[in-house]
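Biologist: Please pick one part of this model and take me through it closely. Then place that part within the rest of the chain.

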Amino acid sequence: MTRLIFFVLLILVLYYLLHYLIKDMPSSKKKVKGKPESEELVQDPYCQTYIPKQTALKKKVEGQLLYFCCDKCFKSYIQGDVKNST
Ligand SMILES: [Zn+2]
């Protein structure tokens, strides 16, 4: 008698396990936590703050690509740069 109960339980467990595995398969692809180069830090030449390259404000200044943390820094940098060159 106990063997039958064990057998039924085994089938139930297998059934749930199979269901769980099939259900988990598509979501497992979403779990891929790729660490792209987005963590690369760049320095704001104006306030000297380090900011992630992806969120940084990219501006070309005199042919050079510079990264700023915000538009305010970029404008201040441009103004300051003009003053320095005189
Ligand atoms: Zn800044």
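Modeller: Helices here are DSSP runs of H or I with at least four residues, strands are DSSP runs of E with at least two, and both are numbered from the N terminus. On that basis the protein has two helices and four strands. Their order from the N terminus is α-β-β-β-β-α.

This is a predicted model, in which local features need pLDDT of at least 70 and side-chain atom pairs count only at pLDDT 80 or more, while totals for chains, interfaces and linings use all residues. Residues are numbered from 1 along each chain as its sequence is written, and side-chain values use heavy atoms, with hydrogens and water left out.

The part I pick is the zinc site. Four protein donors hold the zinc ion: D44 through OD, and C47, C69 and C73 through SG. They lie 2.2 Å from the zinc ion. A donor is an N, O or S atom within 2.8 Å of the metal (3.2 Å for Na, K and Ca); water is not among the atoms, so sites may look incomplete. The angles among the four donor atoms run from 94 to 118 degrees, and the site is tetrahedral. For four donors, that label asks for all angles between 85 and 135 degrees; square planar (four) and octahedral (six) need opposite donors over 155 degrees apart and all others between 65 and 115, and anything else is irregular.

Along the chain, the donors are spaced as D-x2-C-x21-C-x3-C. D44 sits in the loop between β1 (41–43) and β2 (50–52), and C69 in the loop between β4 (64–68) and α2 (71–85), so this pair ties together parts that are 25 residues apart in sequence.

C69 is partly exposed, with a relative accessible area of 31%. The cut-offs are under 20% relative accessible area for buried and over 50% for exposed, with partly exposed in between (1.4 Å probe, protein chains only). Across the protein, buried residues are 14% of the 86 residues.

Now the surroundings of C69. Leaving out residues up to four places away in sequence, C69 touches D44, C47 and I51. Contact means heavy atoms within 4.5 Å. K58 is 11 residues from C69 in sequence, and their C-alpha atoms are 9.0 Å apart. For the protein overall, take contacts between residues at least 6 apart in sequence: 17% of them join residues at least 24 apart.

The β1–β2 loop also holds Q48. Q48 is not a glycine, yet its phi is positive, about 65 degrees. Q48 is partly exposed at 45% relative accessibility. E62 is another residue other than glycine with a positive phi, near 50 degrees. E62 lies in the loop between β3 and β4. At 72% relative accessibility, E62 is exposed.

Next come the salt bridges. The whole structure has two. The test is a side-chain nitrogen of Lys or Arg within 4 Å of a carboxyl oxygen of Asp or Glu. One joins K53 and E40, with the closest N and O atoms 3.6 Å apart. K53 lies in the loop between β2 and β3 (57–61) and E40 in the loop between α1 and β1, so the pair ties together parts that are 13 residues apart in sequence. Both ends are partly exposed: K53 at 27% relative accessibility, E40 at 39%.

K75 and D71 form a salt bridge too, with closest N and O atoms 2.9 Å apart. Both residues are in helix α2, four residues apart, about one turn of the helix. K75 is partly exposed at 48% relative accessibility, and D71 is partly exposed at 34%.

Last, the surface. The protein exposes about 7,900 Å², and carbon and sulfur atoms supply 62% of that area. Accessible areas come from the Shrake-Rupley method with a 1.4 Å probe; for residues, only the protein chains shown count as cover. A nonpolar patch of about 910 Å² is made by M1, L4, I5, V8, L9, L12, Y15 and Y16. Patch residues have over 30% relative accessible area and no salt bridge; like charges are joined within 9 Å, nonpolar side chains (Val, Leu, Ile, Met, Phe, Trp, Tyr) within 5 Å. L9 is partly exposed, with a relative accessible area of 46%.
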